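Please look over the chain below.

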Amino acid sequence: MTGFFLFIILFTVIRSSPGHGNPGGSKFELIHRHHLERKPATQIQRLRQLLHSDTIRLREISHKVRLRQGHFDASRRQLPEKTTYYPACTNSSSRSKNDNNVPGEMPMHSGADYGTGQYFVRFRVGSPPQKLVLIADTGSDLTWMNCKYRCRGGSCRKSSNKRRVFLPDHSSSFRTVPCSSSMCKIDLANLFSLARCPSPTDPCAYDYRYSDGSAALGLFADETVTFTLTNRRKTRLKNVLVGCSESTRGQSFQGADGVMGLGYSNYSFAVKAAKRFGGKFSYCLVDHLSPENVSSYLIFGSHKEVGITYRRMRYTELLIGVITPFYAVKIKGISIGGLMLDIPPETWNLTGQGGAIIDSGSSLTGLTQKAYQPLMAALKLSLLNFKNLNLDIGPLEYCFNSTGFDESVVPRLAFHFEDGARFEPPVKSYVIDAAPGVKCLGFVPLSWPGASVIGNIMQQNHLWEFDLANSKLGFAASSCINLA
């Protein structure tokens, strides 16, 4: 998880009635972070912020795929002895069985206001529940929150400097993972568990690193998460692995209280919640420049019962567990105006040196050079009548004066999957607005070898269903806002 394009969610429970034998679905409102700016940034300023974080994230994701899962060093790292990770403050101070097929709900919020490319979701954790706002990221597999461990007394507040903090001592269900356990030593090694273990009962600690250099330092625990179901009941998901982060580093977490791991791994929140809610989750994203009264949604369980209208759903194979925690797809090629581009097949070979990832945490789409160059060349041909502008906005290669521009002059782009499915995004998802009168081709070049990354702007105006139980990715064109 690196740069984010955050959507802030106002908690909205929208009722649905699950069909017979259908696990149902729930929908959470997503609000783009730009709608929450106290001092609204200009469009070009937002784009520069987005590019700064996106560039690092895209390159690091591509680099990680290049290293391959089999080459990942899962050995546990040492933390310098002088580094302390608790305590943060030193003062002394039944659900109904009928709810099994009813989906759970969580609202999400956009974080674009903070120069990041992720989405926010409201998260209620602990017993009794404490309310936090987390970044929802399909490129992360650890769910963690700002935390004060072993903090008692009047000085332990749930928030400080407008920062919400989870207080484990206020939760009866908080259970740390012992550092001497095999879970800490082996299972959590890929989640950056630390080797330090002063005594067998001390908590298992982590130093979780993100693609942009950000990091969170804390300890692992099992906790209870509370969902509001679409029938307005509440249900609890027990024994969810969470991180109690007592310190963080980097700009990725601005405006949020932590991260919700929607990536795929044995201990990710997405996998745990999917098992409870029908084996799948979905999201539907409107244009990031839409007015603030237009919402995006995150859905746990089936999307069919929650009132979002969409066109025909198409499915392709979802590769999970290949490059943990990312979700990969098998792309056959890219066409422009119905003509397949001359892109070498190895560009998309995940078992070789290439591949493609679907990522909610990246805003722009990054393509390795073997795909980037022919695609850019084909799109530029349709824009010859518009003046090319030399703008200093990072890696965006081609920006132009859009006076008199009409989307009809740009040939349609389509991603073709190996199993015959085709994803055709709207033109505005790859010819993006940069400033009044200025548009850019919204692609970032990535080095080869490496993986290409389909970012969340390219995914807009579509419903995306991650069917973890059946290893399928569904997608369908949708306004994301029309309710049944």
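In which strand does D137 lie? D137 belongs to strand β6, residues 130-137. Strands here are DSSP runs of E with at least two residues, helices are runs of H or I with at least four, and both are numbered from the N terminus.

## Basis of the model

This is a predicted model, in which local features need pLDDT of at least 70, side-chain atom pairs count only at pLDDT 80 or more, and totals for chains, interfaces and linings use all residues. Residues are numbered from 1 along each chain as its sequence is written, and side-chain values use heavy atoms, with hydrogens and water left out.

## Annotated site

UniProt, in an unreviewed entry, lists D137 and D359 under "active site". They span 223 residues in sequence, yet no two of their C-alpha atoms are more than 8.0 Å apart, so they gather at one spot. UniProt positions follow the numbering used here, feature names are shortened, and annotations may be inferred rather than shown by experiment.

D137 is buried, at 0% relative accessible area. Buried means under 20%, exposed over 50%, and partly exposed in between, with a 1.4 Å probe and protein chains only.

D359 sits in the loop between β21 (356-358) and β22 (365-368). D359 is also buried, with a relative accessible area of 0%. Beyond its neighbours within four places in sequence, D359 has contacts (heavy atoms within 4.5 Å) that include R57, D137, G139, N456 and Q459.

## Overall make-up

The chain holds four helices and 32 strands. Of its 484 residues, 60% are buried.

## Backbone exceptions

Most residues other than glycine have a negative phi, and most peptide bonds are trans. The bond from T324 to P325 is cis, with omega near 5°. P325 is placed in the loop between β17 (314-319) and β18 (327-329). The bond from W448 to P449 is cis too, with omega near 0°. P449 lies in the loop between β29 (443-446) and β30 (452-454).

N239, not a glycine, has a positive phi of about 55°. N239 is in strand β13, residues 234-249, and counts as exposed at 55% relative accessibility. N461 has a positive phi of about 60°. N461 is in the loop between β30 and β31 (462-467), and counts as buried at 16%.
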